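Please look through the structure below before reading on. The paragraphs that follow lead from the place where the chains touch to the inside of each chain.

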Amino acid sequence: MSTTMDTAPDQAPVGTPAIVARDLTKRFGDVTAVDGLSFEVRPGRVTGFLGPNGAGKSTTLRMILGLVRPTEGSAAVLGIPYESLAAPMTAVGAVLETQSFHPLRSGRNHLRVLAAAGAIDDARVDEVLAMVDLTDAAGRKAGGYSLGMRQRLGLAAALLGDPQVLVLDEPANGLDPQGIRWLRDLLRWFAGRGRAVLVSSHLLAEMDQLADDVVVIDRGRSVRQGPVRELTAASARVRVVSLDPEGLARVLRGAGLSPIAEGDAFTVAGVDTAQVGALALGAGVQVSELSTTTLTLEDVFLELTERSSR
Amino acid sequence: MKDTIRSEWLKVRTTRTAKGLLAGLLALTALASWGTLHETGPGAAASVAGLPLFLVASWGVAVLTLVLGIRSVTDEVRHGSLVPTLLATPDRRRVVLAKIAIVAGTGAVFGLAAVALGTAFAVGWTVAEGATLALGGSALAILALKMAAIGAAWAAIGLGVGFVIRHQVAAIAGALVYMFVVEDLVAVIARGAERFLPGAASEGVLGMSAGGAVIVGPVLGAILLTGYAAAAIGLGTQRFVRGDVT
């Protein structure tokens, strides 16, 4: 990929996070949409930005991109506030809304308008149209595009400047299963080149497959951050079945654990199978099944957000 | 800055908004030309530039360039393209300056187009009727300059209005109510004060008014109109630069 620019791209020192949010707070009147939120997005990783509707995800993304002024705190992209980037389109590509184009302008002309603003050669417009498979529809008015085509046009606009960072707000909305797979491959390819992706989504199964790291927020506050694998592993449970459930429950409680009955089984957090097996054996309680249940990102997300709302 | 201006120019070229408004202006000018020439003929005008058809044409220029200016902002808000515009150019003052350059320039072209069509009608009518009417080259050049200035100023006022009132229907409806109702009401309530308002100032620049209404001179008219455009842009910029794009 190549672009023609007359502005020097913004270069961050090696090791600089792609995005840093520090104590971001946004109040709209009496409503606090985002409350002291801090997180980092690292290069070469896809970071999922998760939260229930109204959690403050879109407001946070807009603060990072200079569209909404933080009440307190700050955000930087490649170490620089977005408004101060010399060549923003080569630093960040973003898709925030399904429709962000004049419906009577063709897809190609929409991209030409943005390319002109970023001093990007028109040849790059055809490149990104091909990348998102919109070449054949490029001359049509964008208002006649399907939802999936609109999403792909937005992605084409985000990719125009061959950016270091992608920021996407619910990019899978409107995409069919093939489109979602295509998007996943595109984002993995992008991150595989050492670039960073921050993507908000409510498709948790999809994020489970796509994201390396997650930032989970609720009511504008961070409730958990970290690599997806660590998050799901930390939430793993031991599932144990015994012919003497009362005896087993007594033994587990006696060890300071909190077994949860699920039918004829118990699930126990904070221990591994070997520890549970040893406890049962020591107490002479026969165990007929012992396994580890790894939670999905969806399970973890629901648990975190339910806990947060209590 | 030149990249932002080029982008704004592409926006104007790649939709039908400006072309449609220009077509509307030319139709209005043609109608005004035919109507006034048919009714009054060249009359006492010393040259083409003095024909009353240009007063009606100037109203058309004012209204349609005002709408052009408003739509250059509100179209972007309505269709969501303001977000990619600001992602590409986060410096909002630069966006405002580029829009001023393109919208005012386009407004000036509207003014010139109205003069060209009005003149063509007047010359054609004069020849067809066997009447005599001097072309008056310098007077015509001054008229063209005035109409271009009127178009540029009203487009800039519209731009400022669009930045202040971003809801398209509200902005255009409010602007039209002002143009067609408020200034006339002021004339009734506080007679004489209306000549300092934008619509009358525009007539002052042109040096013509309907029914012999009192107007300011061209220089004061130009100062007033420029002042209104600067005030609208100033207010709009302040709101746009400080506001959130949600």
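Two residues are in contact if their C-beta atoms, placed from the backbone, lie within 7 Å. The model described here is a predicted one. By that definition of contact, 30 residues of chain A are in contact with 24 residues of chain B. On the side of chain A that touches chain B, the elements that give two or more residues are helix 2 (88-91) and helix 3 (107-117) of chain A. Helix 3 of chain A gives the most, with 6 residues. Sorted by type, the residues on this side of chain A divide into 18 nonpolar, 6 polar and 6 charged.

Chain B can be taken next. What does the secondary structure of chain B come to? It comes to 9 helices and 0 strands, and along the sequence the pattern reads α-α-α-α-α-α-α-α-α. The radius of gyration of chain B is 19 Å, close to the 18 Å that the globule rule gives for 246 residues, so chain B is as compact as a globular protein of that length. Taken along the principal axes, the box filled by the C-alpha atoms of chain B is roughly 60 × 40 × 30 Å. Of the 246 residues in chain B, 49% are buried. Among the contacts in chain B with a separation of 6 or more, 78% are between residues 24 or more positions apart.

Helix 5 of chain B (residues 92-129) has 38 residues and reaches 55 Å from its first C-alpha to its last, close to the 56 Å expected at 1.5 Å a residue. Just after helix 5 of chain B comes B:Gly130, which takes a positive phi of about 70°. Helix 6 of chain B (residues 137-164), with 28 residues, reaches 41 Å between its first and last C-alpha, close to the expected 40 Å. In helix 6 of chain B, 20 of the 28 residues are buried, so this helix is largely enclosed by the rest of the structure.

B:Ala175 lies in helix 7 (residues 168-189) of chain B. Is B:Ala175 buried or exposed? A residue is buried if 20 or more other C-beta atoms lie within 10 Å of its own. B:Ala175 has 21 C-beta neighbours inside 10 Å and therefore counts as buried. Leaving aside neighbours within four places in sequence, B:Ala175 is in contact with B:Leu66, B:Ile70, B:Gly158 and B:Val161. One of these, B:Ile70, is 105 residues from B:Ala175 in sequence, but the two are 9.0 Å apart in space, C-alpha to C-alpha.

Strand 6 (residues 165-169) of chain A pairs with strand 7 of chain A in the parallel sense over 5 bridges, and A:Asp169 has A:Ser200 as its bridge partner in strand 7. From strand 6 the chain crosses through helix 6 (residues 177-192) of chain A to strand 7, and this β-α-β crossover is right-handed. Strand 3 (residues 46-50) of chain A is also parallel to strand 7 of chain A, and 4 bridges join the two. Here the bridge partner of A:Gly48 in strand 7 is A:Val199.

In a regular strand the side chains alternate between the two faces of the sheet. In strand 7 of chain A, A:Ala196, A:Leu198 and A:Ser200 point one way and A:Val197 and A:Val199 the other way, and all are buried. Because 5 of the 5 residues are buried, strand 7 of chain A is largely enclosed by the rest of the structure.

A:Arg195 is in the loop between helix 6 and strand 7 of chain A. With 20 C-beta neighbours inside 10 Å, A:Arg195 counts as buried. Not counting residues up to four places away in sequence, A:Arg195 touches A:Pro43, A:Gln164, A:Val165 and A:Phe190.

Backbone angles are the last topic. Most residues other than glycine have a negative phi. A:Asp23, in strand 1 (residues 19-28) of chain A, is not a glycine but has a positive phi of about 50°. A:Asp23 is partly exposed, with 14 other C-beta atoms within 10 Å. A:Ala119, which lies in the loop between helix 3 and helix 4 (122-131) of chain A, has a positive phi of about 55° although it is not a glycine. A:Ala119 counts as buried, with 21 C-beta neighbours inside 10 Å.

How values were computed: Residues numbered from 1 in each chain as written. Chains lettered and ligands numbered in written order. Predicted model: local features only at pLDDT ≥ 70, side-chain atom pairs only at ≥ 80, totals over all residues. Expected span 1.5 Å × (residues − 1). Buried ≥ 20, exposed ≤ 12 C-beta atoms within 10 Å, placed from the backbone. Pairing = 2+ DSSP bridges. Right-handed = clockwise from strand over helix to strand, strands pointing away. Rg over C-alpha atoms; globule rule 2.2 N^0.38 Å. Nonpolar A, V, L, I, M, F, W, Y, C, P; charged D, E, K, R; others polar.
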